[in-house]
Amino acid sequence: RARSYVRQGLNFSIDGSDYTFVTNGRVGDVAAAIMYDETLRFLNANLLSDPTTGELAESECQKLESQVSGRLRKKLVGNDRGRQHCAALAFSVDRGADYQGTGQVTGQTRIVPRRPATDFSLSVGFAPTLSGNVPVSS
């Protein structure tokens, strides 16, 4: 698992700051660790290849994607101790590679990160009641 692991990445920074990518790095570290652990279960497994193309069989691709995506979603998109770490993610196994000849499976994870709120625009107004639409004066 060669990577720079970030222990505390909950920093807020302005665009262009050296710390902009710290939180994304922390989420990426977790994703890399989960992908490593889940794909390790399939290492040296006798996976099926498509007999006509030599590519990894579609059923095997879907099995890998389901296994890895499930763990990634549970940890990063689900409620992990009260926090959703990213907006969305997708893991996919690359199709079209010569699996029969190489025995190598490649894939990728795409993560939609959280975004810090950088601006609020709020209005204050007076109304006779709080029911219905509240008229707002700018």
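Me: Where does serine 92 sit?
Reply: Serine 92 lies in strand 1, residues 86–93. A strand here is a DSSP run of E with at least two residues, and a helix is a run of H or I with at least four, both numbered from the N terminus. This is a predicted model, where local features need pLDDT of at least 70, side-chain atom pairs count only at pLDDT 80 or more, and totals for chains, interfaces and linings use all residues. Residues are numbered from 1 along each chain as its sequence is written, and side-chain values use heavy atoms, leaving out hydrogens and water.

Me: Why is serine 92 called buried?
Reply: Buried means under 20% relative accessible area (over 50% is exposed, in between is partly exposed; 1.4 Å probe, protein chains only). Serine 92 comes in at 17%, so it counts as buried.

Me: Which residues does serine 92 touch?
Reply: Setting aside residues up to four places away in sequence, they're Glu65, Gly107, Gln108 and Arg110. Contact means heavy atoms within 4.5 Å.

Me: What makes a group of residues a nonpolar core?
Reply: It's a set of buried Ala, Val, Leu, Ile, Met, Phe, Trp, Tyr and Cys residues joined through side-chain atoms within 4.5 Å. The largest one here has 16 residues, and Leu56, Leu72, Leu76 and Val93 touch the most other members. Helix 2 gives the largest share, five residues.

Me: What is leucine 76 in contact with?
Reply: Beyond its neighbours within four places in sequence, leucine 76 meets Val27, Val30, Ala31, Gln84, His85, Cys86 and Leu89.

Me: How many helices and strands are there?
Reply: Three helices and two strands, running α-α-β-α-β along the sequence.
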